[in-house]
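Take a first walk through this model.

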Amino acid sequence: MRRVEIIAKGDVQRVGYRDAVQNIARRLGVSGIVQNVEPYDVRIVAEGEEDALKEFLRAINIQERPIRVEELEVRWADATGEFQYFRILRGDWQEELGERFDVAIRYLQRSIELGEQNLAVGRENLSIGRMMLEKQDQMLEKQDQMLEKQDAMLEKQDETIEELRGVRSDLREHMDKRFARIENEIAEIKRAIRELGGSCI
């Protein structure tokens, strides 16, 4: 078992830091105390297994608003076993009440900041959504134009097919007449040859 005595400096008073330290200590099975010291620091004494205390030191170096630890002065020693659990040593009730109000105000300010950030993100997402809808409308318009062109091409294709059918029909009619005339001419030639006394095979 080891003991660590810490002085935390930075934004550590009136920001809920002692509560956070107590929660971390309980989670890690560390015993000890945490208290405000004049004028702006927080004193922490913790005892436990060395690995748990090292993790405790990492965890209490909080950089999350409104808490901002700038420095941890650390002194190691052997454990004394004087603490049964981890607790906050509080000052007089007026000071503690004032600190609670300060913490509440800071959390309220942070909530307002987060709300404003979320609102800004929401507006940005709405703007992006509108832009995407406009682009989608443009794409649908282009798709409609392409469908109109495709319909026009299909109409021309139908017209071309009809024209080809007409040409084929005219050609067949022309060829039928031509073959009929050729057959008549052949028949006349055969008849003339026979009249001249010739024979036609």
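Contact here means heavy atoms within 4.5 Å. This is a predicted model, in which local features need pLDDT of at least 70, side-chain atom pairs count only at pLDDT 80 or more, and totals for chains, interfaces and linings use all residues. Residues are numbered from 1 along each chain as its sequence is written, and side-chain values use heavy atoms, with hydrogens and water left out.

Start at Val-21. Leaving aside residues up to four places away in sequence, Val-21 touches Val-34, Ile-44, Phe-56, Ile-60 and Phe-86.

Now widen the view to the largest nonpolar core. Such a core is a set of buried Ala, Val, Leu, Ile, Met, Phe, Trp, Tyr and Cys residues joined through side-chain atoms within 4.5 Å. Buried means under 20% relative accessible area, exposed over 50%, and partly exposed in between (1.4 Å probe, protein chains only). The largest core has 25 residues, and those touching the most other members are Tyr-17, Val-21, Ile-44, Phe-56, Ile-60 and Phe-86. Two or more residues each come from strand E1 (2–11), helix H1 (17–28), strand E3 (41–48), helix H2 (50–60) and strand E5 (86–89). Helices (H or I, at least four residues) and strands (E, at least two) are DSSP runs, numbered from the N terminus. In soluble globular proteins, nonpolar side chains tend to be buried together.

Next comes strand E2, residues 31–37, which holds Ile-33. Ile-33 counts as buried because its relative accessibility is 7%. Beyond residues up to four places away in sequence, Ile-33 touches Arg-43, Ile-44, Val-45, Phe-83, Phe-86, Arg-87 and Leu-89. Ile-33 and Tyr-85 are 52 residues apart in sequence, yet 8.3 Å apart in space, C-alpha to C-alpha.

Ser-31 is also found in strand E2. With a relative accessible area of 11%, Ser-31 is buried. Again not counting residues up to four places away, Ser-31 touches Val-45, Ala-46, Glu-47, Phe-83, Gln-84, Tyr-85 and Phe-86.

Where does the largest cavity lie? Domain 1 (2–90) and domain 2 (92–158) both give residues to its lining, so the cavity lies between them. Its volume is about 60 Å³. The lining residues are Gly-16, Tyr-17, Arg-18, Asp-19, Ile-88, Arg-90, Glu-99, Arg-100 and Val-103. H1 and helix H3 (93–195) each give two or more of them. A cavity is a set of points, on a 1 Å grid over the protein atoms alone, where a 1.4 Å probe fits but cannot get out; lining residues have an atom within 4 Å of a point. Grid points are joined across faces, edges and corners, and a volume is the space filled by probe spheres set on the points. Domain bounds come from an automatic or database domain assignment.

Methods:
On a 1 Å grid over the protein atoms alone, a cavity is a set of points where a 1.4 Å probe fits but cannot get out, and a pocket is an open set with protein on both sides within 12 Å along at least five of seven lines; lining residues have an atom within 4 Å of a point.
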